[in-house]
Amino acid sequence: VMFSLKNLFVKNKFGIEQDPNYHEGQFGNFLMVYKGRIFEVQGNMSILEVGSFNSVGCGEQVAKGTVSALLLNTKLNCHDIIKESMFIVSQHSCGVSKECDIIKCK
């Protein structure tokens, strides 16, 4: 699966080529959900399975704390937790926008 994903990314020039330290086959971190399980795919395409939620990027730690607090202290649904946490994180991390698209795939 990862070999195909890596080939797809290379073919479509997805990666961090603008980075002066770029090496062929190097990508940014991203999250992937497969069959109800959450995985963090790291820049070198190593895969880590994570718990019930995760975050990557410059607001990662703020996002994890925000989602934890919302889960423990509110009765918001998943969609509203994502929207609210993006707003809160955007207030504390200059590299994060409150704008986000929530995509549900079947």
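The model is predicted. Its protein chain has 3 helices and 3 strands, and from the N terminus on these elements follow the order α-β-β-β-α-α.

**Chain as a whole**

- The protein chain has 106 residues, and 25% of them count as buried.
- Considering contacts in the protein chain between residues at least 6 apart in sequence, 20% join residues at least 24 apart.

**How H2 meets H3**

- In general, the packing of two helices is described by the angle between their axes and the distance between the axes.
- The handedness of the H2 and H3 crossing is right-handed.
- On the H2 side, the contact is made by Val62, Ala63, Thr66, Val67, Leu70 and Leu71.
- On the H3 side, the contributing residues are Ile81, Glu84, Ser85, Ile88, Val89 and His92.
- Sorted by class, this contact of H2 with H3 consists of 8 nonpolar, 3 polar and 1 charged residues.

**Two residues in the helix pair**

- Ser85 belongs to helix H3.
- Ser85 counts as buried because its relative accessibility is 7%, and the cut-off for buried is under 20%.
- Gly65 is part of helix H2.
- Gly65 has a relative accessibility of 41%, so it counts as partly exposed.
- The C-alpha atoms of Gly65 and Val89 are 9.5 Å apart in space, while the two residues are 24 residues apart in sequence.

**The sheet**

- The strands form an open sheet of 3 strands in the order S1-S2-S3, and the pairing is antiparallel.
- S1 and S3 are the edge strands, as each pairs on one side only.
- From one strand to the next, the twist averages 30 degrees.
- Strand S2, residues 37-41, is mostly covered, with 4 of its 5 residues buried.

**S1 with S2**

- Strand S1 takes in residues 30-34 and is joined to S2 by 5 bridges, with the two strands running antiparallel.
- Tyr34 has Arg37 in S2 as its bridge partner.
- The hairpin of S1 and S2 has 2 residues between the strands, and Lys35 in this hairpin takes a positive phi near 50 degrees.

**S2 with S3**

- Strand S3, residues 47-49, pairs with S2 over 3 bridges in the antiparallel sense.
- Opposite Val41 stands Ile47 in S3.
- Opposite Glu40 stands Leu48 in S3.
- The hairpin of S2 and S3 has 5 residues between the strands, and here Met45 takes a positive phi near 70 degrees.

Notes:
Residues are numbered from 1 along each chain as its sequence is written. This is a predicted model: local features need pLDDT of at least 70, side-chain atom pairs count only at pLDDT 80 or more; totals for chains, interfaces and linings use all residues. Side-chain values use heavy atoms; hydrogens and water are left out. A crossing is left-handed if the near helix is turned anticlockwise from the far one by less than a right angle, and right-handed if clockwise. Contact means heavy atoms within 4.5 Å. Ala, Val, Leu, Ile, Met, Phe, Trp, Tyr, Cys and Pro count as nonpolar, Asp, Glu, Lys and Arg as charged, and the others, Gly among them, as polar. Buried means under 20% relative accessible area, exposed over 50%, partly exposed in between (1.4 Å probe, protein chains only). Two strands pair if DSSP finds at least two bridges between them. Axes are lines fitted to C-alpha atoms, for helices over the stretch in contact, and angles run from 0 to 180 degrees between N-to-C directions.
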